[in-house]
Amino acid sequence: MTASAAVVGIGELAPSRDTGAQTDLSLSAQVALAATADAGLELTDVDGLLTHPMESASRLVPSTLAEFLGIQVSYADSVDLGGATAVGMLWRAASAIASGMCSVCLCITAAPRDASALRPGALRGPTRRTVDRSPAREFEVPYGNVGATEGYAMIATRYEHEFGSTERQRAKLAVQQRRNASENPKAVFSNVPLSEQEVLQSPMIADPLRKLECVLPVGGAAAVVVVDANVAGRFAHPPAFVLGAGEAVSHKAISSAPSMTRTAVQRSADAAFAMSGVQRSEIGLASIYDCYTITALLTLEDAGFCGKGEAATFIDEHDLTWSGSFPLNTHGGQLSFGQADVAGGMSHVTEAVLQLQGRAVGRQVQGLQYAFVHGNGGIMSEQTSAILGVEV
Amino acid sequence: MTEEKSMVRPTPHPTEISRPFWEAARHHKLVIQQCSACDAYVFYPRLSCPYCAGSDLTWTQVSGRGTVYSFTIARRATHRLLSDRVPYIIAVIELAEGPRMTSTVVGHDPHLVTVDAAVTVAFEDHPDVTLPVFELVQRS
């Protein structure tokens, strides 16, 4: 299948536990400049802009950001799919370019984290000026189902009830991604070795998920530049072509999910593979959302790399490091790279692009042709998949 | 089993659509909507049937019986008002009538809860609202 678009520039800040006085806008600007420079472009060359809900502006984020950057755009939108946002931006940018609405689309994700301003028990979301009348506030929050960890813990519990224990394999996944992170100077845990024993002995947060199976929230930002495939060869680095994409939204609250163990990843991945014409066996890198270990296990199954209930066996049988038999999250995954809110989802995109461009120093997957990139939002709620490749 | 000491929660704010659910809970009844077109039971309260888009939903008292579809034990407080309850269960209960709802399982050591365990509804009274919760069904 001929690609219509390609990623030709990336910019990413090393995630940080404290971004101090930085705002969404200032972080966005940093990676906007970095990504356009990486492509050999000027910021003023950008005529399309994708961003997401931010604290700096409760509404009208695209125009706020375009103004802050000083760019005039003919395509602007805010994508609100949680962790699936970044991967979902790729096909949106490609579609806008294919329809002629813009030529150079900047996809930006950013999230500050001011350590001095964090209060225990503080909830993100509607401000004091607005009242939360969402179903989640009414039917989930009273029972303490507030964040993500408990929802994924319920998924893991149900999964183990149906298919058996995954404790050792979840630990192995965390350890092998940590090994990948040791070759990524930007990763939050790049200098912190990890053993399976340490994972299995880390404090239980919500049964059966332990602390070292959960991402560390950090601040950061990442952006990519998307252009028409026909002109993609003119930029500073080889293009990473967007060969296929898929998207599926099945629920918001896990209590409304059709199933806790068979997710909408299947629909989004099937669509991406079908559009691209690429086979699972041709994928040389899986760069998949890993807010928790169980998230990656379910994604491996539902994306079709192994059968339902077989993720534990798959992990037992494969080396997931960058030089292994099934390179997975070679940047360390968000588990070792850090999760800068929505920008965490972009880390899977930037790593896939770096790898396809042959620029993943110290952790380069040899002979890489195709990468499967996946974003997941909410509690396995929003799914976005993309197949990226070195050739059209 | 009633709580010996009244512990607070982030209590819900009913909407126009959900009001009958919370009013019935105040009277210790579990009522949810049933679709007249396709007979499906619906939760959480909707304007139209999420299965067939039917617009005629009728409030119906249900059995209160269900099973634990899944659960976790929260080992750290997920909300500042729930700190005194740690460790507590967060569960998705599958009602006998079909729909699932998030809730908690109370009255037992959390470690006794298992997936597929049979539960029955109980009610936790607060000053302004009553919250449905669930208890393990005791074997005789």
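Mentor: Chain A and chain B together bury about 3,000 Å², and carbon and sulfur atoms carry 58% of it. On the chain A side, the residues that lose the most area to chain B are Glu138(A), Phe139(A) and Tyr143(A), which together make up 26% of what that side buries. The model is predicted, so local features need pLDDT of at least 70 and side-chain atom pairs count only at pLDDT 80 or more, while totals for chains, interfaces and linings use all residues. Residues are numbered from 1 along each chain as its sequence is written, chains are lettered from A and ligands numbered from 1 in the order in which they are written, and side-chain values use heavy atoms, with hydrogens and water left out.

Trainee: What makes the area between chain A and chain B a buried one?

Mentor: Buried area is defined as the accessible area (1.4 Å probe) that two parts lose on being put together, summed over both, and for chain A and chain B that sum is about 3,000 Å².

Trainee: How many residues of chain A are in contact with chain B?

Mentor: Taking contact to mean heavy atoms within 4.5 Å, 31 residues of chain A are in contact with 39 residues of chain B.

Trainee: Why is Gly244(A) called buried?

Mentor: Gly244(A), which is found in strand 8 (residues 240-249) of chain A, has a relative accessibility of 2%. The term buried applies under 20% relative accessible area, with exposed over 50% and partly exposed in between (1.4 Å probe, protein chains only), and therefore Gly244(A) counts as buried. Leaving aside neighbours within four places in sequence, the residues in contact with Gly244(A) include Ala272(A), Met275(A) and Ile387(A).

Trainee: How do you know that His331(A) is buried, and where is His331(A) found?

Mentor: His331(A) is found in the loop between helix 10 (311-317) and helix 11 (333-337) of chain A, and because its relative accessible area is 2%, His331(A) is buried. Beyond neighbours within four places in sequence, His331(A) is in contact with residues including Asn184(A), His348(A), Glu351(A) and Arg363(A).

Trainee: What makes helix 9 of chain A mostly covered?

Mentor: Helix 9 spans residues 293-302 of chain A, and ten of its ten residues are buried, among them Thr293(A), Leu298(A), Glu301(A) and Asp302(A). After helix 9 of chain A comes Gly304(A), whose phi is positive, near 90°.

Trainee: Why is chain A called as compact as a globular protein of that length?

Mentor: Chain A has twelve helices and eleven strands, where helices (H or I, at least four residues) and strands (E, at least two) are DSSP runs, numbered from the N terminus. The radius of gyration of chain A is 19 Å, close to the 21 Å that the globule rule gives for 392 residues, so chain A is as compact as a globular protein of that length. That radius is taken over C-alpha atoms, and the rule is 2.2 Å times the number of residues to the power 0.38.

Trainee: How do you know that chain B agrees with a compact globule?

Mentor: For 140 residues a compact globule would have a radius of gyration near 14 Å, and chain B has 15 Å, which agrees. Chain B has one helix and eight strands, and 47% of its 140 residues count as buried, whereas of the 392 residues of chain A 60% count as buried.
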